[in-house]
Amino acid sequence: MEKFICIVLLILFAFCGKAQKTNRDLTIENNPLLPGYFADPTIKKFGETFYLYSTTDGIKLASGEPQVWVSKDFVNWYNTEMDIDLPDGLTNCWAPDVMKGKDGKYYYFMGNCEHGCNIYAYVSDSPIGPWKSLKNGQAVIPVGTAIKGLPALDAQYFLDDDGSIYSYFGTWCSSFGGLGWAKIDPKDHCTILESGSIPITQIPEVFEAAYLLKHNGKYILMYSSGDCRLSSYAVHYSYSDSPVGPFNYGDNSPILQTNQDGSIDSPGHHSVLKDGDDYYILYHRHDNPHSTGGEFRQVCADRLDFLNDSTILPVIPTHKGIGYLRKNQIPEKDLAFKAKVTATSYYHLESPATKYTNSPIDYKYLPEYATDNNNGTMWKAASSTYPQSLVVDLGKKVKVARVMTQFEYSTFYYQYRIECSSDSINWFLFSDRTNNRQSGSPMIDDNNAKTRYVKLTVTGAEKGGLFPAIWNLKVYPDLFEIPELALLSKTSKDNLLTDDHLLMNFDVENFAMDSRDYYFKNSGSLGGYFIKEGSPEIKYIDNVKAISFDGESFFRLSEPAPNSLSWNSPYTVSSWVFNPEIGDGECLITWNSRENMLQGSYSALMYGKSNFGAVAHGDGSVDLAYKEIPEASKWHHIALSFDGMVESVYVDGVLNTQQPINLFVKNCDILIGASGFYAENYSGYISNSQLFNRALAEQEIIELKKITSPDK
């Protein structure tokens with residue numbers, strides 16, 4: 001599992017700057033293998049069934065629920081969240097591996113950095129769980145094993161022909177001079193019998209993600225180099241006559257890397273499947289278009305070929321993938337494939353280049369992407385407001401028995417209904433999931449209908465700002481066998497719909513002062529009062545009535561931010577400000593928690609000259625700087641608008657900077673002039689601030705500037 005630190009890359013591939021492909025006319029593609037954001041795949045075949053374990057990505061620093069994907073044919077995959085008895089304080093399951101013991105039990109290993117970077121182990125009677133902790137929840141491979149300070153993450157286990165078990169682990173290996181290994185007692189799968197290291201001289205450019213396989217008596221140690229968030233990520237290998245070396249660097253390395261047009265970007269952190277005499281490499285790559293942060297990765301599979309016992313040929317990464325490895329387990333024709341589709345709306349993503357996207361983005365999440373049977377394309381509505389509908393025209397009236405829907409996130413539940421019609425005017429109900437609390441992929445709805453049109457209407461979702469978005473919608477005339485997976489029923493009450501109005505209005509012009517205190521009332525719909533912390537003062541600057549902030553004082557609204565501002569919900573904040581001296585970054589307004597800050601889990605409008613000078617997100621890799629810093633000692637209107645996909649910063653009504661991003665914030669107290677971190681307290685003047693729980697368009701920002709101007 002890749003841990004996301006900012007490292008300086010001295011060399012980037014010359015082709016990284018080439019424009020990303022936008023909307024491609026694709027035939028059936030088998031890469032990505034899974035519909036959704038997953039990384040660090042481990043592929044296993046137990047009996048006649050394939051099991052795919054991974055890090056759940058696309059959620060703040062790869063913090064999604066642990067899941068397993070199951071398939072009988074390697075194309076049709078079914079997902080379920082796994083029940084894992086995690087120790088208190090642990091939430092992340094990074095870079096898992098699973099092996100079957102001689103005792104017939106299944107052993108699950110994963111990394112976590114919340115109590116130090118360690119490997120933990122679990123056991124189950126089934127490859128899908130439930131999983132019970134080994135060693136009473138203590139780490140089985142703690143940080144510093146084999147190499148002092150080495151983070152014990154990305155562990156992969158290898159069973160040798162003599163029954164010996166080895167684990168290979170480590171990340172940031174380039175900073176620690178090598179990779180760690182441990183010989184594990186096969187009796188309990190957790191006791192370390194021996195440990196050691198493989199020096200970086202034997203595995204050049206190693207960073208993380210070791211994987212050992214044995215090929216005709218040779219031990220092939222594969223690993224990843226570079227930064228998993230950027231195009232530099234790649235797979236190398238070395239070989240040896242022993243599982244612990246010494247190793248010789250392999251020819252053709254790196255054997256897997258970003259392709260020339262950038263549509264297969266940052267491939268790495270892999271595992272290998274041996275099926276008969278054939279080998280396949282499973283790896284993750286970035287989604288298309290590449291999301292900001294580099295943590296919206298998708299799993300792919302391609303052939304892995306050897307020239308001889310110790311030489312791997314370069315892997316050719318493809319969109320086509322490898323296809324079926326067994327007989328297609330869905331005998332019915334997908335009636336929706338390439339069918340005509342319409343929708344209430346679709347999102348058009350336009351964004352300048354970032355270090356993650358490599359080039360400007362101009363991409364449409366078209367309705368027809370929901371029926372192209374491609375896990376790399378999706379329909380996404382134009383906003384996260386509900387309801388939003390997708391209508392599939394099957395061409396003629398036919399029998400429909402099953403509808404399978406793959407929503408953007410398999411870890412979160414969506415609420416929806418499916419209706420049918422012969423004329424697209426009169427509709428009857430096929431399935432009602434408007435009170436659904438179950439996640440999973442695909443969502444399966446069965447009935448018996450004669451219809452031409454199938455309409456799916458998304459009415460809600462588990463998280464705020466979660467877009468109605470579908471990778472694939474499939475329609476079948478008859479039922480067929482599906483895996484028996486114990487899907488976990490959700491009980492969350494977090495179905496968050498947003499309102500469309502001004503929540504907070506901090507207007508100093510209307511503030512009154514008596515002999516003892518200020519009377520600060522919020523005229524926005526949240527109501528409440530602005531409670532002063534410290535000693536802010538009402539002063540006049542350039543003939544404008546304003547609050548003077550001294551770097552220690554700030555205001556807290558008595559009413560906390562509502563749930564409609566949680567997670568990825570759209571919002572707009574704005575302030576009229578006068579800043580005499582511009583520092584690195586001072587907070588104008590925030591409404592979400594700084595606790596447990598991970599990438600994209602925090603958002604605050606700032607005024608400063610650093611990389612977080614415009615917007616702070618709790619991780620330097622996705623913070624946003626001003627392109628042109630607003631001039632000191634002048635009144636400026638600064639506004640930040642986020643629509644769930646792109647954040648845009650306007651200065652005096654003109655777009656200053658923007659980036660595509662997804663947020664995972666927790667609503668909290670609304671602060672003006674502070675972020676909760678003392679060093680970011682504001683020192684300057686504010687005449688008014690507003691907070692909306694919707695994204696204002698550019699023209700609305702201009703109008704807001706006019707009507708709130710302190711000299712109007």
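The following legends describe close-up views of a predicted model.

**View 1. The second largest pocket and its lining.** The second largest pocket holds about 690 Å³ of space. It is lined by 21 residues, of which Lys44, Leu159, Tyr211, Val272 and Lys274 are the closest to its centre. Five strands each contribute at least two residues to the lining of this pocket: E1 (38-46), E5 (94-100), E9 (156-159), E13 (208-215) and E17 (268-275). By residue class, the lining of the second largest pocket comprises 13 nonpolar, one polar and seven charged residues.

**View 2. The largest cavity.** The model contains nine cavities of 30 Å³ or more. The largest cavity has a volume of about 170 Å³. Among the 23 residues that line the largest cavity, those closest to its centre are Asp287, Pro289, Ser291, Tyr365 and Met645. The lining of the largest cavity is made up of 12 nonpolar, eight polar and three charged residues.

**View 3. The disulfide between Cys113 and Cys117.** The model has one disulfide, formed by Cys113 and Cys117 with their sulfur atoms 1.9 Å apart. The torsion about the S-S bond of Cys113 and Cys117 is about 110°, and the disulfide is therefore right-handed. Cys113 is partly exposed, because its relative accessibility is 24%. Cys117, at 14% relative accessibility, counts as buried. Cys173 takes part in no disulfide, and the nearest cysteine sulfur, that of Cys117, lies 12 Å away.

**View 4. Cys173 and Cys190.** Cys173 counts as buried because its relative accessibility is 0%. The sulfur of Cys190 has its closest cysteine sulfur in Cys93, at 17 Å, which is too far for a bond. Cys190 has a relative accessibility of 11% and so counts as buried.

View 5. Helix H2 spans residues 698-708, and Ile701, Leu704 and Thr708 are buried within it. Viewed down the axis of H2, the buried residues fall within an arc of 60° and therefore line one face of the helix. An α-helix has 3.6 residues a turn, so residues three or four places apart point the same way. The cover over the buried residues of H2 includes strands E38 (571-578), E42 (635-642), E43 (646-651) and E46 (683-692).

**View 6. Ser167 in strand E10.** Ser167 belongs to strand E10, residues 165-169. With a relative accessible area of 0%, Ser167 is buried. Neighbours within four places in sequence aside, the contacts of Ser167 are Ile141, Ala155, Gln156, Tyr157, Gly180, Trp181, Ala182 and Ile184.

**View 7. Asp309 in a loop.** Asp309 occupies the loop between strand E20 (306-308) and strand E21 (311-312). Its relative accessible area is 33%, so Asp309 is partly exposed. Not counting residues up to four places away in sequence, Asp309 touches His215, Asn216, Lys218 and Ile220. Asp160 is 149 residues from Asp309 along the chain, and the C-alpha atoms of the two are separated by 17 Å.

**View 8. His348 in strand E23.** His348 is part of strand E23, residues 348-351. With a relative accessible area of 31%, His348 is partly exposed. Asp362, Tyr363 and Lys364 are in contact with His348 when its neighbours within four places in sequence are left aside. The C-alpha atoms of His348 and Ala382 are separated by 7.1 Å, although the two residues are 34 apart along the chain.

View 9. Most residues other than glycine have a negative phi, and most peptide bonds are trans. The peptide bond from Asn31 to Pro32 is cis, with omega near 0°, and Pro32 lies in the segment before E1. A cis peptide bond also links Ser441 to Pro442, with omega near -5°; Pro442 is in the loop between strand E28 (428-433) and strand E29 (443-461). Lys135, in the loop between strand E8 (132-133) and E9, has a positive phi near 60°. At 41% relative accessibility, Lys135 counts as partly exposed. Ser424 is not a glycine, yet its phi is positive, at about 65°. Ser424 is located in the loop between strand E27 (414-421) and E28, and its relative accessible area of 35% makes it partly exposed.

Notes:
Residues are numbered from 1 along each chain as its sequence is written. This is a predicted model: local features need pLDDT of at least 70, side-chain atom pairs count only at pLDDT 80 or more; totals for chains, interfaces and linings use all residues. Side-chain values use heavy atoms; hydrogens and water are left out. On a 1 Å grid over the protein atoms alone, a cavity is a set of points where a 1.4 Å probe fits but cannot get out, and a pocket is an open set with protein on both sides within 12 Å along at least five of seven lines; lining residues have an atom within 4 Å of a point. Grid points are joined across faces, edges and corners, and a volume is the space filled by probe spheres set on the points. Helices (H or I, at least four residues) and strands (E, at least two) are DSSP runs, numbered from the N terminus. Ala, Val, Leu, Ile, Met, Phe, Trp, Tyr, Cys and Pro count as nonpolar, Asp, Glu, Lys and Arg as charged, and the others, Gly among them, as polar. A disulfide is a pair of cysteine sulfur atoms within 2.5 Å. Buried means under 20% relative accessible area, exposed over 50%, partly exposed in between (1.4 Å probe, protein chains only). The arc is that of the directions from the helix axis to the C-beta atoms. Contact means heavy atoms within 4.5 Å.
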